[in-house]
Amino acid sequence: MKQIAVLASGRGSNFQAILDALSEGRIDGRVVALFTDNKEAYAIDRANAAGIPVIILNYKDYSSKKEYETELLAAMKAVRVDLFVCAGYMRIIGTEIAREFAGKMINIHPALLPAFAGLHGQRQAVEYGVKIAGCTVHFVDEGLDSGPIILQKSVEVLDDDDEDSLSERILEQEHIAFPEAVSLFCADRLEVSGRHVKILPEANNQ
Ligand code: GRF
């Protein structure tokens with residue numbers, strides 16, 4: 001069974017979607033730690049309710065990004081997990097961490113990448129006037145939301161959508177896509193070759 005650690009900065013609804021999928025047996029894994037850069041994150045309450053240890057590295061308490069990242073890297077190494085899941089983790093993953101955990105770290109982004117990377121993917125989609133938006137689960141690499149894509153789910157953009165209404169509908173899809181991707185990873189069903197991620201068929205349980 002795969003050991004998972006989650007990184008989250010705020011509300012943690014994607015974290016919760018993964019916890020729910022685990023408790024319903026849709027993912028063969030176990031979350032062993034929550035990392036957060038924000039001591040006020042609601043994700044902490046969710047971890048407490050599920051009995052998951054929380055590692056708080058409160059970003060504001062560090063004098064530099066470098067100092068924060070050095071401590072985060074050390075703490076991440078110490079948990080010895082198979083997978084790191086960035087579930088609403090609102091910081092850009094530093095180069096060293098991305099390199100160290102290449103192929104073992106995934107992220108969800110609220111846009112159909114490579115369009116609208118970075119902050120406020122949903123707002124960017126509304127402002128640009130696209131007709132289809134959505135979310136992307138991808139491996140983390142050294143770039144900004146640029147790693148190999150595992151899954152995408154789309155939603156239609158309606159004429160009267162604003163950032164909030166579109167975000168809400170995208171979030172529903174995030175809660176489906178993310179547990180699905182974690183489940184595939186935990187079942188060793190993701191084969192990465194360059195930018196391409198192939199989803200392998202389910203193994204025959206004989
Ligand atoms: C989600 O829309 C996620 O895609 C983005 O930030 C939001 C986090 O929501 N990166 P939550 O904390 O999982 O509820």
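Setting aside neighbours within four places in sequence, Ser183 makes contact with Arg26 and Ile27. This description rests on a predicted model, and Ser183 itself belongs to helix α6, the helix that spans residues 163-186 and supplies the largest share of a patch of negative charge, namely 3 residues.

**Ser183**
- Ser183 counts as partly exposed because its relative accessible area is 21%, and partly exposed covers the range between under 20% for buried and over 50% for exposed.
- Although Ser183 and Gly25 lie 158 residues apart along the chain, their C-alpha atoms are separated by 9.7 Å.

**Glu174**
- Glu174 is likewise found in helix α6, where the residue is buried and yet has no salt bridge.
- The nearest side chain of opposite charge to Glu174 is that of Arg11, which is 6.2 Å away, whereas a salt bridge requires a side-chain nitrogen of Lys or Arg within 4 Å of a carboxyl oxygen of Asp or Glu.
- When neighbours within four places in sequence are left aside, the residues in contact with Glu174 are Asn14, Ile108, Pro110, Cys135 and Pro179.

**The negative patch and Glu168**
- On the surface, a patch of negative charge is formed by Glu156, Asp159, Asp160, Asp162, Asp164, Glu168 and Glu172.
- Glu168, one of the residues in this patch, has its place in helix α6, and it is classed as exposed because its relative accessible area is 56%, with the limit for exposed set at over 50%.

Methods
Residues numbered from 1 in each chain as written. Predicted model: local features only at pLDDT ≥ 70, side-chain atom pairs only at ≥ 80, totals over all residues. Heavy atoms only, no water. Patch = residues over 30% accessible without salt bridge, like charges linked within 9 Å, V, L, I, M, F, W, Y side chains within 5 Å. Areas by Shrake-Rupley, 256 points an atom, 1.4 Å probe, with all protein chains shown as cover. Lys, Arg positive; Asp, Glu negative; His and termini not counted. Charge placed at Lys NZ, Arg CZ, Asp CG, Glu CD. Helix = DSSP H or I, 4+ residues; strand = E, 2+ residues; numbered from the N terminus. Buried < 20%, exposed > 50% of the residue type's maximum accessible area, 1.4 Å probe, protein only. Contact = heavy atoms within 4.5 Å.
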